[in-house]
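User: I am new to this structure and would like to be guided through it. Could you show it first?

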Amino acid sequence: MEREIGLTGIGGQGIQLAAQSLARGAAHEGRNVSLFGVYSGSMRGGRTDSSVVVADGPIDAPPLVSHLWSVIAMHDAFWLPTVEGRGVQAKLRTGSVVLRNSSTFDTDLDRDRFRVFDVAATEIALGLGNEMMGSMVMVGAFAGITGLLEVDSAIEGMRQSVPSHRKQHIERNEAAIRAGFDAVADRVLAAPAWSDDNEEVRA
Amino acid sequence: MTRRLMEGSEAIVEAAIAAGCRFFTGYPMTPFTEVLEHFSKRLPEVGGVCINAESELEAIGMTWGAAATGARAATGSVGQGLSLMQESIAEMALARVPIVVFNMSRGQSDYFQATRGGGHGDYRTIVLAPMDVSEAVELTQLAFHLADRWRNPVLVYGDFLIAHTSEAIDVQPIDFGPLPDKDWGIDGSTSGTGRSRMITSIGIGKAHSPTSGIIGHFEGIAPHLAAMQAAEARVETGFVDDADHIVVAFGTAGKFVRYVVGKMRADGVRVGYVRPITLWPFPEDAVARASEGKRAVMVFENSAGQLIDDVKISVLGRAPVIPIGGISTDASGFGVGDMYDAEVIRGRIEAVLAGQEVTS
Amino acid sequence: MTDAIVERPIVPTEHRPDRAAHEVGHKVAPLLLTEQSHFCPGCGEPIAARTILENLVELGVAGQSVAVLGIGCYTAMASSFDIDTVQALHGRAPSVATGVKRMKPDSIVFTLQGDGDMVNEGLQEVLHTAARGESVTAILLNNGVFGETGGHMTATSVLGQRTKNTIDGRDAEYHGYPIRIADLIAQLDGVAYVARGSVHSPGAIAKTKKMVHKALQMQVERKGFSFVEILTMCPTGWFIPTIEGPQYMDDTLGQVHTMGELEVRG
Ligand SMILES: Cc1ncc(C[n+]2csc(CCOP(=O)(O)OP(=O)(O)O)c2C)c(N)n1
Ligand code: SF4
Ligand SMILES: [Mg+2]
């Protein structure tokens, strides 16, 4: 089975670190992963998307995925079509799992079509003293809701992904991941990644 | 297990080092620069040398010298830089100097350059085209093996997506079997012994060791090319036998096509794919066999139409050959355009099945 | 720009300024089709380019000038210069300029190249063009890095300079020594004028502008090849804060590639 996860937001929201934490965490559990930071054609600022594919076997999906099983939506700046592309929403299918950062994502979502989970990630991060850690909160929440990887693996993935000159942030990041996991305690495995009856996500 | 998440550019470097590459040089150009950066960091750590060449002309020259000593040596660039290197690559092929050259190309428009070359004389380079990072790790190592096996330059055709996609991999040396001794390598140790050596593109040997001579040298070229051609064609095919339609694609485009064809098969559509892994030698037989009795052979490539020539030569009229690719890029020109989208590709294949013309 | 009234924040300070401020007008360089650009803040290249544009106008030759651009960050200027332009391949501008000048002897032809373009990729081009005494003006924007590719070592990077592929600093034993290209060119017989300027301070810019003036004047008078190397800040490729660019240049590149006129014939 293959799961395609998208992450979308704006510069500075920690999208790349979140994507790498998920990828390394899943690899830590022995799964195959591929990760591509979507290239916006400009080195400076703007759109930061990333996609991660996680699979039991060899990965068939190309790195630029056209369908997302799930998306971590930190910001809605690139959700709908823009001049830069057709927008992230166009990659979702009926039943796709959307983790919405309700603190900074305003666009209305079709809750009949998508399985939407609101997580006040930025608010929770602010409560922990640093709004930049919203994406880490989301990583924890994602582990809880989907079980795509254990929360401890996500933390391990984060540990391996933090560059050496930022090692002092590891503890705070870990707290944020755990806070995200706790915030969805009532929704654990509400959208399980690896169970077969989850196949409503079809074209 | 020491699996680690690595970008393709880094994985290629680790693979080259695992294959024993100890010399690298290059001149920056995206997305080849990323490979050069990793080499410049890693080679000194393993006792190798990485030189920041002043230009591609110098890069290929330095690689020539390093390889002439018998060391495993490599360089690379993007299409433009490789254009500059053509004279040397052709000459090295004639002088039978084994090197590996990476083209981290911007799209697939360097297919002709890679398979035909822009150099002089009767020469060919083996061209390996990985579809993703994992395969790049394998084919990079194979490239060094084949270069030594045939004493011939080998090209690895990558691109931006391969350079920038990360996969969790454990790079281990692959054993491709025994190789002949490099008894031709030059290190000065035979000088003054009466048995000194020479590497030359025109077959003139040292006075004391009559080689095949100029005539023999040139007469030996065609059999050498034919031998490589007969032995080294590599290809992956999928769902070909009972298919009505075939899609041919290589590299990143091939990765997309095999994914799309897999999905269409799951929906009961009788389509198959052929993915050349070597662009030269081109897997003509496999393409010919796959095209037998098919309603059409489609070609998906990110260029104005280059691979399609080889497909037509192989199909030889057994089926209509229809282009469904095109030039697709983003504003940066790195060859990562909207066409690299499973939905778009599926749409183009379905248009052919429905008998419509594909507009790209 | 129109004179819109913009509200400025009042900055509280305890110190009275010791003299009245000059009014700084919004002064646009001539011969520009647009003020938009994608250069990094603190980049020295647009300042250097401005010295050329102003001189072309002041010498009255703007209407016969032809630019031949190499490949680097400055390539982006091709679309904003209101000057007939040939975009050359990386390193090859001097030959292209030669061709233009030989066919159009009344034109004023200048190349705009970086250190990567001129001193790496196309070193023989500029040397041969100079030795031939071609009546063209070559302008080198030397920032000691490939800015465009992200800050890699060039043939002019100074010893100890940290670049993306000399992460512990350029080490002579491993990476060799920097080339002082202006000094090299000054030795050739075909040259009429060789100078090295910089744009790291207002004074340096004023001097550089005069050098460019002389170089172009040599071409107007058909005295031979003229060459001005201009040291430019590249905070991005030097991996330093924008504000430190000028000082860094003075401390590093400026110590090796020293300013001044090296050859004035004609
Ligand atoms: C043949 C060739 N090789 C490599 C490149 C990639 N490339 C583009 S710009 C550049 C370096 C530019 O450096 P420089 O001339 O110093 O200009 P700067 O960006 O520093 O202003 C390189 C290597 C190219 N365009 N063509
Ligand atoms: S990278 Fe350097 S040379 Fe290029 S625009 Fe930025 S500061 Fe200027
Ligand atoms: Mg430069």
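Analyst: The notes below cover the ligand site and then one interface. This is a predicted model, in which local features need pLDDT of at least 70, side-chain atom pairs count only at pLDDT 80 or more, and totals for chains, interfaces and linings use all residues. Residues are numbered from 1 along each chain as its sequence is written, chains are lettered from A and ligands numbered from 1 in the order in which they are written, and side-chain values use heavy atoms, leaving out hydrogens and water.

User: Where does ligand 1 lie?

Analyst: Ligand 1 sits between chains B and C.

User: Which residues come nearest to ligand 1?

Analyst: Among the 22 residues around ligand 1 (a heavy atom within 4 Å), the nearest are Glu56(B), Glu45(C), Asp115(C), Gly147(C) and Glu148(C).

User: What is 2.4 Å from a nitrogen atom of ligand 1?

Analyst: That is an N or O atom in the side chain of Glu56(B). A backbone N or O atom of Glu148(C) is 2.8 Å from an oxygen atom of the ligand.

User: Changing topic, how many residues of chain B are in contact with chain A?

Analyst: In chain B, 21 residues are in contact (heavy atoms within 4.5 Å) with 23 residues of chain A.

User: Which residues form a salt bridge there?

Analyst: Asp60(A) pairs with Arg258(B) in a salt bridge (a side-chain nitrogen of Lys or Arg within 4 Å of a carboxyl oxygen of Asp or Glu), with the closest N and O atoms 3.5 Å apart. The count between chain B and chain A is one salt bridge.

Note on methods:
Polar contact = N/O pair within 3.5 Å; in protein donor to acceptor, adjacent residues only side chain to side chain.
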